[in-house]
Protein chains: 4
Amino acid sequence: MTASQLDFRSDNVWGASPEILNALSQANDGSAAAYGGDDWTCRLERRLAEIFACDLSVFPVGTGSAANSLALSVIAPPWGVIYCHKQAHVQVDECGGPEFFTGGAKLLPLEGRRGKLDSEELERAIFGAGAVHHAQPAGLTVAQASECGRVYRPEELRVLSDVCKANKLTFHMDGARFANALVALDATPAETTWKAGIDLLSFGGTKNGCIAGEALVVFNPRLAETLAFRRKRAGQLFSKMRFFSAQLLAYLERNLWCSNARKANTAAAALAQGLVQKGARLAFPVEANEVFARLPPALAKELNERGFLFYDWPAAGPEGYRFVTSFQSDAAAIEAALGSC
Amino acid sequence: MTASQLDFRSDNVWGASPEILNALSQANDGSAAAYGGDDWTCRLERRLAEIFACDLSVFPVGTGSAANSLALSVIAPPWGVIYCHKQAHVQVDECGGPEFFTGGAKLLPLEGRRGKLDSEELERAIFGAGAVHHAQPAGLTVAQASECGRVYRPEELRVLSDVCKANKLTFHMDGARFANALVALDATPAETTWKAGIDLLSFGGTKNGCIAGEALVVFNPRLAETLAFRRKRAGQLFSKMRFFSAQLLAYLERNLWCSNARKANTAAAALAQGLVQKGARLAFPVEANEVFARLPPALAKELNERGFLFYDWPAAGPEGYRFVTSFQSDAAAIEAALGSC
Amino acid sequence: MTASQLDFRSDNVWGASPEILNALSQANDGSAAAYGGDDWTCRLERRLAEIFACDLSVFPVGTGSAANSLALSVIAPPWGVIYCHKQAHVQVDECGGPEFFTGGAKLLPLEGRRGKLDSEELERAIFGAGAVHHAQPAGLTVAQASECGRVYRPEELRVLSDVCKANKLTFHMDGARFANALVALDATPAETTWKAGIDLLSFGGTKNGCIAGEALVVFNPRLAETLAFRRKRAGQLFSKMRFFSAQLLAYLERNLWCSNARKANTAAAALAQGLVQKGARLAFPVEANEVFARLPPALAKELNERGFLFYDWPAAGPEGYRFVTSFQSDAAAIEAALGSC
Amino acid sequence: MTASQLDFRSDNVWGASPEILNALSQANDGSAAAYGGDDWTCRLERRLAEIFACDLSVFPVGTGSAANSLALSVIAPPWGVIYCHKQAHVQVDECGGPEFFTGGAKLLPLEGRRGKLDSEELERAIFGAGAVHHAQPAGLTVAQASECGRVYRPEELRVLSDVCKANKLTFHMDGARFANALVALDATPAETTWKAGIDLLSFGGTKNGCIAGEALVVFNPRLAETLAFRRKRAGQLFSKMRFFSAQLLAYLERNLWCSNARKANTAAAALAQGLVQKGARLAFPVEANEVFARLPPALAKELNERGFLFYDWPAAGPEGYRFVTSFQSDAAAIEAALGSC
């Protein structure tokens, strides 16, 4: 085990699956129409339609932030309100990207005390529809897995979706770790998304083995109408798109996305268990590939000395830390490393 | 020669140089700090500083459009005016990206009748500085090679730069085909850019052999201050940045960028010569890797039938067409194909 | 005659008609619902519906620039193109307001060589509909009277409107000097606007006797849907709206708007005639209340010495100047002043 | 007493002070330079400099929302964060205006449980300075009187200002009811603003007797640099500015602003006392001209039947209501009306 096996700063500190790199080489064949008019992009849309068992539109982009911001730009007018968790990536970690892409929509942060959004808190927050003085309720965005490493069950999503429908909100899912959530559930991609009321999904592959494999997947056709223009003017329409679509095709092939995610989740479970045995307290149940824990100072110090890399995470409470595992993590190696502490 | 050798729709219909793909594999080694905190990105900045023989800041991004729009966002306030050629990519081919990133700056199109900007026309167009009624003169953007396939000599750039300095305009160069221009000149990268008054450069590698290799190179340090935030909120900060920086490092290694560009330029010259022999008239001198020509209808028809792929180009005049060659074009094959017409 | 009778810098250097000030006093009666929920605003909408002989929506705002920018914000998406005269107020005199309100739409300036837009030039400029690379053709805006003091006849507007319809452009009229144009035509308000294809009108009263009397008048109901929100978030929804609506009601009462405009136009005609007799050459036919003329240097000097106030106007050609008359101008006084030169 | 004496929906349902209307007539004299180049505007700046005992810049605009949004646009970049009370007008009642004018800055709502901002809560909320992932701490905005009718004492403002200084936040005051706050304090205008660390102030006169009398007053000269352009492109630069500056001049003359505010505050105190005697519970101490109270249902019903006009106000708690008094309110009449209940 190399020291870097203990790098838990994020899943994106790791590289790419070999299958992804191979796909790039295979896509490097002759000329192909630029800007998405190529076979790979066409096949990607068909493949995702199979996986999600529905018609859909696919917009590959460069980053998860771009997918999220583009998504939010079609669910809210510039004077709209988008409800989100107060720790949501869109609210906290995108440097105002959603406000940029939407032309100034307002993200309204909700407490979501247990690491997930609460439908009753959402209902209480919705305010001012139709009155010209107030920014207008427009959308809801949820992260799957959540910003606290939790996973929404389909029935939980449906309850949120019911509030959306009653208030004419469009429902977006930030799936930067969608595969990690999916393999934690006994549910299909369809059940976890459009069948539970999701209108559009940021489908992320980068954190789980791609170089830059992200796509906005749109289930509600009305929402797709302006996206091609929005993507282009955001500088997110790659000319050699085939190399981005090919990554996602390989990601979905032979279930690479799910096997990668399972490795990460298994490693997170092992890590969580080991940390608890050493005296850590989990801030949230570990359901996907993130561990939020409060560590006794001595344990934090020892882990640091042993080469564990991880971030302080004040949102997890006093002495809170975050550990993220990836498709390259190894449960056995983690157990061994913790065992020797 | 495969049929696709005759694909002249654009240089971006072609794939990547093998060296670029190899670089991706070599960069896929263990964990590395995300978001540009990696060795490859650090080395890229050093390498570009050597090549341009000056201190500079480098911001890799996903597309040339993103590099351009980010560049323009720091040279003009939302109420600024940016002067450009009326056929400029930023004006015509980016779906309003510059207006998006600048928050509404105005691109003022100039005629630039000979396929390049004219300093006297620029001077006449500058208007209203300091008066609150008018959008404020802020910047100039020039494409090297130009939107008409022409190449600015350093002394031409300096004349434009003098107008900029006299009017406090910041000077940007869109270098989507910078390598193609550079190898057409007897000048260094420095002489073609900052020594000629360029404040910041969109440095493009995608059209010339990368998968997605673009960087905003900033010579004027004041302009770099906000770019990290602007890039992030535009969804252009790649988490696995090493795979983008590594492409550009390989692009610059052993002069790949220049050798690729030379192949493309040589092919364009051969194509132009061949077309002229068949009765075409060039709309502009062919100086880099683009040929703008008016074809007799019979010739256009025959080329189509022979499998030549190229676009109608009304801006090149009646019966105008554009052909673009690439690093994978082959002068001999082009001559052979034309010879058999 | 006071010296200030010779103030031709603009029609907005003059104050208000007494009827307008009286209307303010009369509106100052007790409490009234704020933000336009008052009787005056309600009556204004009815009155304008009578005058234009159609259903319409009215949005009073504070300035003509605001009316124009709000209008353009509903005719173009942020990636849209709005065609306009190269000297249009929206292009040249609003410090980028249209770009601000539209979120970055592109104004494409047309030559309009005779002081009006030319439908054939417009047709040639329209470009790129449906193609993701290009900002999308969205709207046309025309000033009535024009930026060169000319007046569009209804049949001229219809020709432009036909181009709009064929290209799905929305058609806006900037009527900052609508009354001056109207009284110059043998046509009704309806014939000059919606019957000629105008979708929405910036209806201006400020230059013609109000303090701040401007309203966006929307003939096409689909365009009104978001305007209430847009106006509010632009800080253009006055709480004590009654005082703005009351101005426009008084402006329309007993035909004050037309009688004021006639005075201004008559004075302009007298001024133009007098200047021509002194050796000036008119840059454009004088049809409303603006005179664009090239003056022999000696004449310009003498007018200055006599207390005439007027602006240099390079767009009117070498030694070009602009004179604007107002509802407070007096043809006889102008003739007398010129006669004594 | 007319029924309308009992209109407590807002202070802006009332008209203008006679002195304000007179000032309009007096300003209607001959020609004057447009767009603020007039004497009235010049005198207004001098008068405000006297009142605030410092150099300052003044930008009259049309509405308080415009003053606020313009202010926020110079204290935060598009990727900035502005901290505010969760009930702040800028957050709740301007339909996203601040996001529009700032180009997408984020308003971060604070609880401010006692009807004012809390410096410790503010400190805890500040986060992420310098890190590219996070919107950047930029400004603080406070309403004086507050959104809950409370008044900040100078020493309270200084504590907030200390947090601002320590974190490089610019400090804005929304003074839509500044006069009402001022007369409630034993402090000078200077002590209540720049001496307490306020960088710029939305100075409101509309709610207290003007037709539309609002100005952005800038104490920190660096912040004024771009405001003239920003105001113009927002359609907030009135051509006949004299009529807006003249209102504010009259407002400040012979202390009209303070005497009007005192009437309103006295009436509010009388109203609050009367309501409490009838069984109401005040949600916040009544310090200016707003009363937030929870009414027993029978009392609410009776007030409605007696012609009292006032709004439900859920933010004041269950069975919460808001009453606003104005310069036209009369304490004796209120007491009489309540006494007869």
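A salt bridge is taken here as a side-chain nitrogen of Lys or Arg within 4 Å of a carboxyl oxygen of Asp or Glu. The structure is a predicted model, in which local features need pLDDT of at least 70 and side-chain atom pairs count only at pLDDT 80 or more, while totals for chains, interfaces and linings use all residues. Residues are numbered from 1 along each chain as its sequence is written, chains are lettered from A and ligands numbered from 1 in the order in which they are written, and side-chain values use heavy atoms, with hydrogens and water left out.

Chain A is divided into domain 1 (3-13 + 257-339) and domain 2 (18-255), with bounds that come from an automatic or database domain assignment. The C-alpha centres of domain 1 and domain 2 of chain A lie 26 Å apart, and 22 residues of domain 1 of chain A are in contact with 28 residues of domain 2 of chain A, contact meaning heavy atoms within 4.5 Å. About 2100 Å² is buried between domain 1 and domain 2 of chain A, 54% of it on carbon and sulfur atoms; buried area is the accessible area (1.4 Å probe) that two parts lose on being put together, summed over both. On the side of domain 1 of chain A, Trp257(A), Phe284(A) and Glu287(A) lose the most area to domain 2 of chain A, together 40% of what that side buries.

Between domain 1 and domain 2 of chain A there are 3 salt bridges, and a salt bridge also joins the side chains of Glu290(A) and Arg177(A) at 3.3 Å, N to O. The side of domain 1 of chain A that touches domain 2 of chain A draws at least two residues from each of α13 (256-277), β9 (290-294) and β11 (320-324) of chain A, where helices (H or I, at least four residues) and strands (E, at least two) are DSSP runs, numbered from the N terminus. With 8 residues, α13(A) gives the most to that side of domain 1 of chain A.

In chain C, an open sheet of 4 strands has the order β8-β9-β11-β10, with antiparallel pairing, two strands being paired if DSSP finds at least two bridges between them. β8 (281-282) and β10 (311-312) of chain C each have a single partner strand and stand at the edges, so one side of each is left without a neighbour in the sheet. Strands β9 (residues 290-294) and β11 (residues 320-324) of chain C run antiparallel and are joined by 5 bridges, and Phe292(C) has Arg322(C) in β11(C) as its bridge partner.

Turning to the contacts between chains, 19 residues of chain D are in contact with 19 residues of chain A, and the area buried between chain D and chain A is about 1500 Å², of which carbon and sulfur atoms give 51%. Cys95(D), Glu99(D) and Lys106(D) supply 35% of the area that chain D buries against chain A, more than any other three residues. The interface of chain D and chain A holds 2 salt bridges, and the side chains of Glu99(D) and Lys106(A) meet in a salt bridge at 2.6 Å, N to O.

The contact between chain C and chain D takes 49 residues from each of these chains, and about 3900 Å² is buried between them, 58% of it on carbon and sulfur atoms. In chain C, Phe100(C), Arg233(C) and Lys240(C) lose the most area to chain D, together 20% of what that side buries. The count of salt bridges between chain C and chain D is 0.
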